[in-house]
Amino acid sequence: MKKRNLAQRTAFLLIGASAVITFALFALILGYVLIKGMANINWEFLTTYPALMGREGGIFPTIIGTLVLTGVALLIAVPLGVAAAIYLSEYTKGGIGIRIIRFAIESLAGIPSIIYGLFGFAFLVTFLKLGFSVLSGAIALALMVLPIIIRTTEEAIRTVPDDYRQASLALGATRWQTTSRVVLPAALPGVVTAVMLASGRAVGETAAVWLTAGGALKLPFSLHDPTRPMTLHLYYLAAEGLSLERAYATAAVLLVLVLVVYSLAIFFRQKFGMKRR
Amino acid sequence: MMQSAKISVQDFSLYYGAFHALKKISLGFPPRSLTALVGPSGCGKSTLLRSLNRMNDLIAGVRVEGRVSLEGSNIYDPDVDVVPLRKKVGMVFQRPNPFPMSIFENIAYGPRVHGEKKRSRLQDIVEQSLKSAALWDEVKDRLDSPALKLSGGQQQRLCIARLLAVEPEVLLMDEPCSALDPIATEKVEELVMDLKKKYTIVVVTHNIAQAARISDYLAFFYLGEMIESGVTRQLLTNPTKHQTEDYLTGRFG
Ligand SMILES: Nc1ncnc2c1ncn2[C@@H]1O[C@H](COP(=O)(O)OP(=O)(O)O)[C@@H](O)[C@H]1O
Ligand SMILES: [Mg+2]
C-alpha cells in the first residue's frame, strides 16, 4: 500500500515538474526576447523605413510585408482549403482515392518549410516567371498552410451533429443547400480557428518566403513587387551582424503579433467547444 | 384500406447489407387519419418510416425491393427526385432537432430553400406554421431568440411547425414524444389529433396507450414482418395473431 502511494506521488511529482519546466522555458524565451526587444521599440521604430540595410531606422515596410504576404496567402488558401474540407467531409464516402488524397494532405503538413521555398523558387519564381514577388511568396505560404486549414475545418464540420443534416434533407433541401446554409454556419467558429492558426503559421514563417518574396526594403504596391517580411528582416539583421538590438526589437514585434493571433485562435476554439454542450 | 390510401407500401423489403430488416411489407395509409406503427424495438418501425420519404437513401448499403406508392406512383422509380418527394412527405424525428438558429429562421428555412424570398410572405408563413403547431402564443414575443433555448417539448413542436411551413401532405413522426415529459407529450398528442384532420400522419410509437389515444389505424410489427393491421380499436380489443396478443399483454420488452 505504501509502495503504491510512493509510486503515485513520484509520478505526480514528475508530471508536475515537466509541466513547470515547459512553462518556465516558454516564459524564459518570451521574457528574454521581449525584455531585450522592448527597450528598442518605439513609435518611430514601427513607422519609419530602415536605413543602411537595417543598421539604423525602423522596420515599417517589413511589418507591411508580413501583413500583405499573410493576407494574400489567406485569400488563396482559405477558399481552397474550406472547399477541400467540405468536399472531403460531406461529399465522399472514403474510397481508395480519398485515402490517397488524405495521405497527401497529411504529408503536405509534414514537409519542411524550406522545401516550399525551394519549390516556390523553381516553379513560381522561375518557371511561371512570377519573379521574387508578393505573389510568389504568398502562394508558397498558401501551400504551406493549406493542410492546417483543411484539417481544422474538416474537424469542425465533423462535429456538426448529423441531426441538423437529416432535418434539412427531410425538409426537401438539397445536399448543397444543407451544406451551405446549415452545416457551414454551424462550423463557422471552427473555420475561424483554422484561419487564425494558419495566420499564425504564415506570420512566423521564414524559409518559405526567403526564396520567393525577394527581400526589398520598400513597400509593395502590387502583387508583382518584391517584399521583405519581419521574419526575413530579422534573419538578415542577426545573420549578417547588422544590428542585434534591432533584431531583438523586430523579434519582439513579431512575437507579439503571433501571440495575438494564437490567442484569438484559442479564444475561438474555446467558444466553439462550449457551444457543443 | 389499400385502395383509398394516400401512400401505400406493396411487397416492400429492405436490406441493410445482408441483413433483411423489412420482409415483404404491404400496408396502406389512408388520408386525413393517423396510423400508428407499433412493435418491440428493433422490429423495423423506424426503417419503414424512413422508407416512406427515402431518408434511407442516406445510409450506405441499403437495398430495397417492392413499391411505395404516393398517390399511385412509385417513389422508388429511378427517375424520381427525392427533393420534391421529401417536401411532400416530411418527417419529425425522435430527438427534437431544431437548427442552431433563431425560432424565425428555423421555420423560414424550409420555404427559403424552396425559393420563397419575400420577407412579408415568410413572416406570414412563420406565424401560420407556429399557430398550426400550437406554439405561437408561447414564442410570438421572441421569434429572434435561439431555438435551442426552448424546452424539449417546445422544440419538438417547433420541428413540427418547421415541417408544416413547407406544406407537406404526409407527416412521418418517429417516436415524437419519447424524449418529452408527460405534459409536453400531452401537448404534442393534442396537436397531432388536430393535424390529422388535414394530413396523412404515420407515427411510430413504443407506447400502446398513446397509440390507443391518437391513432385511427394500427399496424403491428415483429422481427421485420408486419403481423397484422387494422382499425385501432378492433386490433387492440381483438388481435387475431398470437404475437400481437403477447405484445399487447406485455410479454415482450
Ligand atoms: N443503419 C443501419 N444499419 C444496419 N442495420 C440497421 C440500421 N438501422 C437499423 N438497423 C437494424 O434494422 C432493424 C430495425 O431497426 P429499426 O427500424 O430502427 O427498428 P425500430 O425502429 O422498430 O426499433 C434492427 O435490427 C436494427 O439493428
Ligand atoms: Mg426506432
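Entry 1: the two chains

The model I examined is a predicted one. I then looked up the area hidden between the two chains. Chain A and chain B bury about 1800 Å² between them, and 65% of this lies on carbon and sulfur atoms.

Entry 2: charged and polar pairs across the interface

I asked how many salt bridges the rule finds across the interface of chain A and chain B. The rule finds one. I noted its partners as B:Arg95 and A:Asp163, whose side chains meet with a distance of 3.2 Å from N to O. For polar contact, the rule gives five residue pairs across the interface of chain A and chain B, with both residues of a pair at pLDDT 80 or more.

I next traced which elements of chain A take part.

I turned to ligand 1 and asked which residues are around it. Among them are B:Tyr16, B:Phe19, B:Ser41, B:Gly44, B:Lys45, B:Ser46, B:Arg50 and B:Ile59. The shell around ligand 1 has five nonpolar, five polar and two charged residues. I found that strand 2 (19-29) and helix 1 (45-51) of chain B each supply at least two residues of this shell. Helix 1 of chain B gives the largest share, four residues.

I then looked up individual distances. A polar side-chain atom of B:Ser46 lies 2.7 Å from an oxygen atom of ligand 1. A polar backbone atom of B:Gly44 is 3.0 Å from an oxygen atom of ligand 1. At B:Tyr16, an N or O atom in the side chain is 3.5 Å from a nitrogen atom of the ligand. Taken alone, ligand 1 exposes 560 Å², of which the protein buries 63%.

Entry 3: salt bridges over all chains

I looked up the total for the structure, and it holds 19 salt bridges over all chains. One that I inspected joins the side chains of B:Glu169 and B:Lys6, at 2.8 Å from N to O. This pair links distant parts of the chain, 163 residues apart. I located B:Glu169 in the loop between helix 6 (152-164) and strand 7 (170-174) of chain B, and B:Lys6 in the segment before strand 1 (7-16) of chain B.

Entry 4: the make-up of chain A

I asked how many helices and strands there are in chain A. Chain A has 11 helices and two strands. From the N terminus on, I read the order of its elements as α-α-β-β-α-α-α-α-α-α-α-α-α. Finally, I noted that the C-alpha trace of chain A spans about 65 × 65 × 35 Å along its principal axes.

Terms used:
Residues numbered from 1 in each chain as written. Chains lettered and ligands numbered in written order. Predicted model: local features only at pLDDT ≥ 70, side-chain atom pairs only at ≥ 80, totals over all residues. Heavy atoms only, no water. Buried area = accessible area lost by both parts, 1.4 Å probe. Salt bridge = Lys/Arg side-chain N within 4 Å of Asp/Glu carboxyl O. Polar contact = N/O pair within 3.5 Å; in protein donor to acceptor, adjacent residues only side chain to side chain. Near = heavy atom within 4 Å. Areas by Shrake-Rupley, 256 points an atom, 1.4 Å probe, with all protein chains shown as cover. Nonpolar A, V, L, I, M, F, W, Y, C, P; charged D, E, K, R; others polar.
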